[in-house]
Amino acid sequence: MTTSPGDPHAAVGAYVLHALPSAEEAAFEKHLAGCEACRREVDELRRAAARLATAESIDAPPELRQRTLERIRTVRQEHAPRPPRPHRRVMSMALAASLAAAAALGGLALWQHSEADDARARAVQAEQQARGNGTAFADLLTAPDATLHAGKLSDGATAAVVVSQSQNRAAFTARDLPALTGNRVYELWYAAEAGGLRPAGLLPGSGRDSARLLEGPLGDAVAVGITVEPAGGSAQPTSDPLGIISIGT
Amino acid sequence: MRSADGDHEAFAGVYDALVGPVMGLACRILRNTALAEEVTQDVMIEVWRTADRYRPERGTARTWVLTLAHRRAVDRVRNVQASAERDRRAALLSAGRPVDEVAEAVEGRDERRRVYRCLGRLGSMHRVPLVLAFYEGFTYVEVAQALSTPPGTVKSRMRAGLRLLRACLEDG
């Protein structure tokens, strides 16, 4: 689907995603003011975008509730500049009523703001290193079933494996990998439950932050390992693994 | 004062109904619990302050509040990254919150399943720009750079992607 560059309607998706740079956002809002069809589309697409948010629902800490309810006692409500409606309450009744129905939807999920999440945030920075894999890498990382498995390597580096069963692929990212001396590289391995190892690609010995799509299909792999190997890699590991990250479920 | 107390009660209802998705969205975008709590509180205070602007004819309260929340979380992640690690942004091509961190037997899992299933059906051409913009706070220009795709194309795909997502979600 293509639209001419001048078509102001084309920006509606990016607008709803808050993905327009501010000047373009202001221009689009100006356009919206005079375009009823656009406002309808914004409302419809926002409903879909809100579902993306609802899917992430988690439990919030109880202290936050107390803090927030205390705070609003000192915050004055704004009144919209329009003629007062009969029985208008300060807190919009429409808002409260609409939420009575919404409460049933308040899906709650567990949030484990674990080390793994932090490791993931840091590990994905290494994506820059994966430019050669660009789009395929992004495709894997944004797969709806992508799972992340993080771990520490024996040399203190942080590593993570992102797995998508639906794409039958995985990616490896590491932060603070030490630079290797001599003519050596890092080699990645898929490990099967029975213990068999399949080479899954090389990372340069220059170390630091690295990331790559693993070579070959995920198949029956239950873990990903990393070793140091001579340049060009080996068919089977010739050194002890720096780490093995379990990707089993 | 009675009327104000009644409002406070009504607000508590709003808070309870929506704090879960607001906080979850903020956590997903900011990847930092403390920042996410700040944003959640800011959003809820803004809801309180501007409740009178809510227009039922434009959509549900849920959509209104979550739109506000997304705006705030995205603004915050851009600020954090602008001040601290500007160049980190382009690298944040992250996976979503890993599914394995989420207990399977929880409420809300059906909604998550439905949404993820529909995302999965989009195909990468439409899914990738949508996910990068919505969950990572990328502008369409940044998405275009990250994917080496013309900006106009990315814009169109964001619109098409949202439409497809909507059609899939409303199918049930």
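Two strands pair if DSSP finds at least two bridges between them. In this predicted model, A:Lys152 has A:Thr158 of strand 2 of chain A as its bridge partner.

**The hairpin and the sheet of chain A**

Strand 1 (residues 147-152) and strand 2 (residues 158-164) of chain A run antiparallel and are joined by six bridges. These two strands form a hairpin with five residues between them, and A:Gly156 in the turn has a positive phi of about 95°.

Chain A also contains an open sheet of four strands, in the order 5-4-7-8, with antiparallel pairing. Strand 5 (197-203) and strand 8 (243-246) of chain A are the edge strands, each pairing on one side only. From one strand to the next, the twist averages 25°. Strand 7 (residues 221-230) of chain A is antiparallel to strand 8 of chain A, with four bridges joining the two. A:Ile226 has A:Gly243 in strand 8 of chain A as its bridge partner.

| Strand pair in chain A | Bridges |
|---|---|
| Strand 1 (residues 147-152) and strand 2 (residues 158-164) | Six bridges |
| Strand 7 (residues 221-230) and strand 8 | Four bridges |

**Chain A as a whole**

The secondary structure of chain A comprises seven helices and eight strands. Of the 249 residues in chain A, 42% are buried. Among contacts in this chain between residues at least 6 apart in sequence, 61% join residues at least 24 apart.

Chain A has a mean pLDDT of 75, and 73% of its residues reach 70 or more. Within chain A, helix 1 (residues 12-16) has the highest confidence, at a mean of 97, while helix 6 (residues 115-123) has the lowest, at 37. The pLDDT is below 50 over residues 83-133 of chain A, a stretch that has 127 contacts in the model beyond near neighbours in sequence.

**The nonpolar cores**

The largest nonpolar core has 72 residues, and those with the most contacts inside it include A:Ala49, B:Val22, B:Ala26 and B:Met158. Helix 1 (residues 2-30) of chain B gives the most to this core, with 14 residues. A second, separate core has 35 residues, including A:Ala157, A:Ala200, A:Ala223 and A:Ile226.

**Helix 8 of chain B**

Helix 8 (residues 151-170) of chain B has 20 residues and reaches 29 Å from its first C-alpha to its last, close to the 28 Å expected at 1.5 Å a residue. Its buried residues include B:Val154, B:Met158, B:Leu162 and B:Leu165. What covers the buried residues of this helix includes helix 1 and helix 3 of chain A, together with helix 5 (109-122), helix 6 (124-136) and helix 7 (140-147) of chain B. Leaving aside neighbours within four places in sequence, B:Met158 is in contact with residues of both chains, among them A:Gly13, A:Leu17, B:Pro129 and B:Tyr140.

**A:Asp43**

A:Asp43 lies in helix 3 (residues 36-54) of chain A. This residue is classed as partly exposed because 16 other C-beta atoms lie within 10 Å, whereas a buried residue would have 20 or more and an exposed one 12 or fewer. A:Asp43 and A:Val16 are 27 residues apart in sequence, and their C-alpha atoms are 8.7 Å apart in space. Apart from neighbours within four places in sequence, A:Asp43 is in contact with B:Arg58 and B:Gly59.

Methods: Residues numbered from 1 in each chain as written. Chains lettered and ligands numbered in written order. Predicted model: local features only at pLDDT ≥ 70, side-chain atom pairs only at ≥ 80, totals over all residues. Core = buried A, V, L, I, M, F, W, Y, C linked by C-beta atoms within 7 Å. Contact = placed C-beta atoms within 7 Å. Axes fitted to C-alpha atoms, helices over the stretch in contact; angles between N-to-C directions. pLDDT = per-residue confidence, 0-100. Expected span 1.5 Å × (residues − 1).
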